[in-house]
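Please keep the sequence and the structure at hand while reading.

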Amino acid sequence: MNTLKLDLVIIGGGVAGLWTLNRAVQAGLNAVLFEKDALGGGQSVRSQGIIHGGTKYALSGVLTQASSTIKEMPQRWRECLTGKGELDLSTVNILSDAHYMWSKGSLGSRMTTFFATKAFSGRVEEVSEESRPDVFKNKKFKGSLYRLNELVLDVPSVINALRAPMEDRIFKIDLLDCELEKESDVIQSIALPTHQLRILPKQVAITSGEGFESLATSLNLQQPEMQTRPLHMVMVKHNLNLPTFAHCIGAGSKPVATITTHPCADGNQVWYLGGNIAETGLERSSEAQIAFAQQEIKALLPWVDLSNTQWSSFHINRAEPKQSSLVRPDAAFAQKVGNCIIAWPTKLALSPDLADQILPLCADSIDAAENQNLHLCQHLPKPATAQPVWETSFC
Ligand SMILES: Cc1cc2nc3c(=O)[nH]c(=O)nc-3n(C[C@H](O)[C@H](O)[C@H](O)COP(=O)(O)OP(=O)(O)OC[C@H]3O[C@@H](n4cnc5c(N)ncnc54)[C@H](O)[C@@H]3O)c2cc1C
């Protein structure tokens, strides 16, 4: 067996692991990433791709911790998208330079007063009739429309931009298939007998999303605990050419519907429906969930002709650190146990914040003398990038 000393082994190739890998290598760490299946194939490629700035979280009319932590994220991503930020994401496909918020009636004095406060200055802007996106240009649209300082990205292109500079450091390996030598909470070695390789990691970052549950059992980790919050998402495939990127808000503290629009390989587009439609649909069958979503969309956008559309739905969990009463966590999360760093971004948008938290936990791991040995893993298998769910859901 060959032996390879590494500063950092990252488990899980979603946006969290890939962002962390790039930042770790930049910081001088000799790091690799193991992905058990396809890169981004957990939550990342199935997300709506919104780089939130926290406005949605302020719907309750109170500026929460979540909205202040996430506030800086759109700017950090925008710098990366121009190639001038901490990472180069200049090849990423930007689906929309803004996300919108609309209500059927007037937004209500509570929200308009709140949007006018200093906390929201530069983050929310009322849209004049002439500047509305096409989908809201219909005469029947009577509501208020706000433009948020948020953007929407094509996530597979984010995954590809993050993988490209790290190609020689990413491998298709399931940690559960490896032989681990552990003393107390320290993973001393990771052996891959079929590949004749034994890795001695200084640190192991576990960014495995929902996969943490089985890893925690296998590694006998009692802390941190994970929670999952399920969704029943709906997709509408069509060729309406009405790109829609918006939260529709009602009286509650969560959007009634969040709609994003994604290109399909066959030239059609998909409206991807989240928000309350997805959160309340857990007990509905796929047929009932689709019927419910059709009714909601007809009520929200009654002028759109839905007769030539195809519908599909699927269930997915969001995986996060456990909170009291299953509420949404406020920020990215990383906790060190022995030499394992267990981390969840809790939002795709918070990946930069997650790397900020992980890197200081690895600060004493850099071993420049060992930095030349990566060739020992070049025979390991390589993962593909995951396909969007709408490419496989419609026959
Ligand atoms: C429907 C939906 C919509 C969302 N929309 C948004 C949005 O618009 N904006 C936003 O900011 N956030 C959004 N989110 C949240 C966001 O998608 C997640 O916070 C983020 O993608 C999590 O990234 P991750 O890398 O931690 O997890 P994942 O993307 O799930 O990646 C974990 C990876 O670990 C791998 N893995 C698991 N176990 C092992 C193992 N034993 N060995 C090796 N690899 C392993 C998995 O195969 C997987 O690829 C959304 C989430 C969902 C579900």
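Which residues of the largest nonpolar core touch the most other members?

## Basis of the description

The model is predicted, so local features need pLDDT of at least 70 and side-chain atom pairs count only at pLDDT 80 or more, while totals for chains, interfaces and linings use all residues. Residues are numbered from 1 along each chain as its sequence is written, and side-chain values use heavy atoms, with hydrogens and water left out.

## The nonpolar cores

A nonpolar core is a set of buried Ala, Val, Leu, Ile, Met, Phe, Trp, Tyr and Cys residues joined through side-chain atoms within 4.5 Å, where buried means under 20% relative accessible area, exposed over 50%, and partly exposed in between (1.4 Å probe, protein chains only). The largest such core has 47 residues, and those that touch the most other members are Leu8, Trp19, Trp77, Leu89, Leu153 and Leu162. Among the elements that give two or more residues to this core are strand 1 (2-11), helix 1 (15-26), helix 3 (73-81), helix 5 (155-163) and helix 9 (351-361); helices (H or I, at least four residues) and strands (E, at least two) are DSSP runs, numbered from the N terminus. Helix 1 provides the largest share, 6 residues. Because domain 1 (2-44 + 158-225 + 324-391) and domain 2 (52-153 + 228-321) both give residues to this core, it lies between them; the domain bounds come from an automatic or database domain assignment.

Leaving aside neighbours within four places in sequence, Trp19 is in contact (heavy atoms within 4.5 Å) with residues including Trp77, Leu89, Leu162, Pro352 and Ala355. A second, separate core of 32 residues includes Val9, Ile11, Leu219 and Cys377.

An open sheet of 3 strands has the order 3-8-4, with antiparallel pairing, and two strands pair if DSSP finds at least two bridges between them. Strand 3 (50-51) and strand 4 (94-96) each have a single partner strand and stand at the edges, so one side of each is left without a neighbour in the sheet. Strand 4 is joined to strand 8 by 2 bridges, and Ile94 has Leu153 in strand 8 as its bridge partner.

Helix 5 is mostly covered, with 8 of its 9 residues buried; among the buried ones are Val155, Ile159, Leu162 and Arg163. The cover over these buried residues includes helix 1, helix 3, strand 8 and strand 9 (170-172).

## Aromatic rings

The whole structure holds 8 aromatic pairs, counted when rings of Phe, Tyr and Trp (its six-membered ring) have centres within 6.5 Å, with planes under 30 degrees apart taken as stacked, over 60 as edge-to-face and the rest as tilted. Phe136 and Phe141 form a tilted pair, 5.2 Å centre to centre with 55° between the planes. Phe136 counts as buried at 1% relative accessibility, and Phe141 likewise counts as buried at 6%.

Tyr272 and Phe314 form a stacked pair, 6.3 Å centre to centre with 15° between the planes. Since Tyr272 lies in strand 16 and Phe314 in strand 17 (residues 310-321), the pair ties together parts that are 42 residues apart in sequence. Tyr272 is buried at 0% relative accessibility, and Phe314 is buried with a relative accessible area of 12%.
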